[in-house]
2 protein chains.
Amino acid sequence: MGATALALGASAFAQSTSPAPAPEATSASALQQVPGYYQQAIGTLRVTALFDGVVQLPRSQIQGLTPAAIDALLQRRYVPESPRGLQTAVNAYLVHIGGRRVLVDAGTADCFGPGLGQVIANLQAAGVSPAQVDDVLLTHAHPDHLCGVVGADGARAFPNATLWLDDTELRYWEGPEAEARTPQALRFVVGQARRALAPYQAAGRLRSFKPGDAGLPAGIQALASPGHTPGHTSYLIDGGDAQKLLVWGDVVHYHVVQFARPSASFEADVDRVRAIASRRQLLAQAARAGWWVAGAHLPFPGLGHVRAEGAAYAWVPAEFSPLPAARR
Amino acid sequence: MGATALALGASAFAQSTSPAPAPEATSASALQQVPGYYQQAIGTLRVTALFDGVVQLPRSQIQGLTPAAIDALLQRRYVPESPRGLQTAVNAYLVHIGGRRVLVDAGTADCFGPGLGQVIANLQAAGVSPAQVDDVLLTHAHPDHLCGVVGADGARAFPNATLWLDDTELRYWEGPEAEARTPQALRFVVGQARRALAPYQAAGRLRSFKPGDAGLPAGIQALASPGHTPGHTSYLIDGGDAQKLLVWGDVVHYHVVQFARPSASFEADVDRVRAIASRRQLLAQAARAGWWVAGAHLPFPGLGHVRAEGAAYAWVPAEFSPLPAARR
């Protein structure tokens with residue numbers, strides 16, 4: 001997600017995203033949406049998609065296509081849309097791998113307003129407590145991925161976890177460049193990033209890495225996918241049995257547009273040329289290898305595959321499935 | 001669904017469809033899939049999709065396409081597949097309309113084995129008790145739509161509901177034709193249908209109707225869509241604000257194949273020519289009018305829209321969304 005989404009203001013999200021009683025609900029318990037988690041077996045991995053909420057991204061923040069081309073792509077695709085923009089999910093992913101519980105990204109907490117910030121509640125609904133999380137891997141340090149690592153009190157929300165961030169990304173947010181390259185009106189995101197990282201740093205729980213480093217939890221490989229931010233990282237997770245999961249973060253923001261036209265950019269990409277190159281590379285790799293993909297801004301649960309379609313791609317969402325029986 | 005799916009035998013479903021602890025689950029509570037319901041607002045309607053489970057439909061039961069053409073359509077669409085066939089959902093739908101709770105279809109109960117029959121449990125998970133259901137509308141009288149109207153004791157599972165069935169469909173299953181047109185090995189489905197209907201008939205709670213009759217609950221129109229069975233019926237439900245929902249039953253069984261090639265049939269269709277004509281007509285109407293569609297065998301929750309794509313169609317699944325705030 002880009003920092004510009006924040007310009008909409010926290011209060012803008014509250015009204016349309018809070019679960020609330022429907023007008024016709026007459027039973028004692030108000031109508032509620034199903035809990036926002038979903039379980040997927042991928043080889044030996046057990047992946048839990050976690051819904052944080054939705055934000056609205058305007059059509060006008062799509063770059064590299066004419067408005068008419070954008071409208072044509074969106075026509076009859078039925079993406080929920082309000083005057084503020086196209087509904088866009090915010091997802092995080094818990095991966096059980098080799099006895100560890102690894103969370104990739106952590107949602108918005110209270111950085112985007114009260115309609116979001118549901119990652120921890122949905123983690124608990126799925127039967128996992130924050131104290132059971134061993135590692136939190138960040139794809140990048142934008143607030144909708146990072147704010148969730150701290151609670152409302154500013155303390156670590158995952159008290160037993162190591163927080164992992166790409167070294168380039170860490171230096172970008174710690175140094176002067178983040179402020180220099182973030183528009184003045186959105187510069188508060190720099191402070192949000194630093195405040196979220198600080199308690200992990202103070203506790204000796206923050207670890208940076210370079211793509212190719214062997215230090216990440218076993219079975220997890222960091223793939224540099226810069227552009228949206230300078231150190232944006234995707235994680236390729238090995239489930240055995242030739243099954244791999246690519247948790248790709250913000251490689252795609254507008255799913256109806258960017259699979260069909262990978263050269264379309266999101267206004268908030270720090271470096272659009274590199275973001276396009278990263279997107280093209282990962283789309284091609286995922287389609288060719290048949291990797292599972294988890295996308296932070298694909299419609300929840302955001303799990304599925306990429307299919308080559310002509311010179312471009314299509315998103316193939318996973319089908320809702322029961323869990324496989326235990327293999328004993 | 002067709003009666004032929006039953007040939008797989010109840011026991012075949014149990015192993016791969018029962019939620020069960022994953023090998024790596026180490027917490028006290030075993031890993032569980034999210035409850036199988038999903039809420040969707042459509043105009044003033046509140047629709048709850050209810051997951052019954054999955055069955056496996058073999059590629060070989062697709063008619064009207066060469067095996068190579070079928071394989072090409074399925075390639076890289078990642079439909080979960082076992083040696084027994086392609087994973088195919090069984091869904092039912094509860095619609096809150098005008099103060100009534102109307103259930104369209106009722107799942108398999110125990111007719112398809114222990115991995116299915118989850119409609120009532122998921123209805124309860126969504127906060128609705130079977131006694132609160134006012135009407136049960138059947139799209140047709142196959143066991144995966146009808147068995148769920150009775151409990152394991154053979155009594156009405158929805159004690160306060162009226163059961164609605166198209167007159168042609170009722171006469172087909174009550175008369176000699178159902179037995180004559182059902183292969184010997186599958187003829188037990190005729191008994192299943194009669195046993196499910198009987199307690200409602202005995203209680204004066206069974207009502208048949210003809211398409212166009214005004215007797216159905218207000219806001220609901222029956223559209224004849226014969227072919228899969230002689231009296232197969234789809235329901236067009238008016239949500240106001242120009243929002244309509246078509247609950248189309250078994251118009252599509254193989255979603256990857258039949259949107260792209262509507263002339264492909266399911267072996268179990270009683271009259272394939274009429275089934276194709278019904279499918280073409282409803283696909284065209286739904287795409288042109290922009291109706292919401294709910295499909296009994298589309299990937300759960302099976303809610304979305306139909307989009308015209310060249311001379312054929314594409315399925316556009318609904319995006320997971322929070323419920324809208326109450327409009328006061």
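User: How many residues lie between strand 1 and strand 2 of chain B in their hairpin?

Analyst: In this predicted model, the hairpin formed by strand 1 and strand 2 of chain B has two residues between the strands. B:Gly43, in the turn, has a positive phi of about 60°.

User: In which sense do the two strands pair, parallel or antiparallel?

Analyst: Strand 1 of chain B and strand 2 (residues 45–57) pair in the antiparallel sense, over six bridges. Within strand 2, B:Ala49 is the bridge partner of B:Tyr38.

User: Why is strand 1 of chain B largely enclosed?

Analyst: Five of the six residues of strand 1 (residues 37–42) of chain B are buried, so the rest of the structure largely encloses this strand.

User: Now helix 9 of chain B. Which residues are buried there?

Analyst: The buried residues of helix 9 of chain B are B:Ala275, B:Ser278, B:Arg279, B:Leu282, B:Leu283, B:Ala286 and B:Ala287. They cover an arc of only 145° around the axis, which places them on the same side of the helix. In general, an α-helix has 3.6 residues a turn, so residues three or four places apart point the same way.

User: And which exposed residues are on the face turned away?

Analyst: That face of helix 9 of chain B carries B:Val273 and B:Arg288. Just after the helix, B:Gly290 takes a positive phi of about 70°.

User: Which residues touch the most other members of the largest nonpolar core?

Analyst: Of its 192 residues, these are A:Tyr93, A:Val136, A:Leu245, B:Tyr93, B:Val136 and B:Leu245.

User: What does A:Leu245 touch?

Analyst: Leaving aside residues up to four places away in sequence, the contacts of A:Leu245 include A:Ile42, A:Val47, A:Trp291 and A:Trp292.

How values were computed. Residues are numbered from 1 along each chain as its sequence is written. Chains are lettered from A and ligands numbered from 1 in the order in which they are written. This is a predicted model: local features need pLDDT of at least 70, side-chain atom pairs count only at pLDDT 80 or more; totals for chains, interfaces and linings use all residues. A residue is buried if 20 or more other C-beta atoms lie within 10 Å of its own, exposed if 12 or fewer, and partly exposed in between; C-beta atoms are placed from the backbone. Helices (H or I, at least four residues) and strands (E, at least two) are DSSP runs, numbered from the N terminus. The arc is that of the directions from the helix axis to the C-beta atoms. A nonpolar core is a set of buried Ala, Val, Leu, Ile, Met, Phe, Trp, Tyr and Cys residues joined through C-beta atoms within 7 Å. Two residues are in contact if their C-beta atoms, placed from the backbone, lie within 7 Å. Two strands pair if DSSP finds at least two bridges between them.
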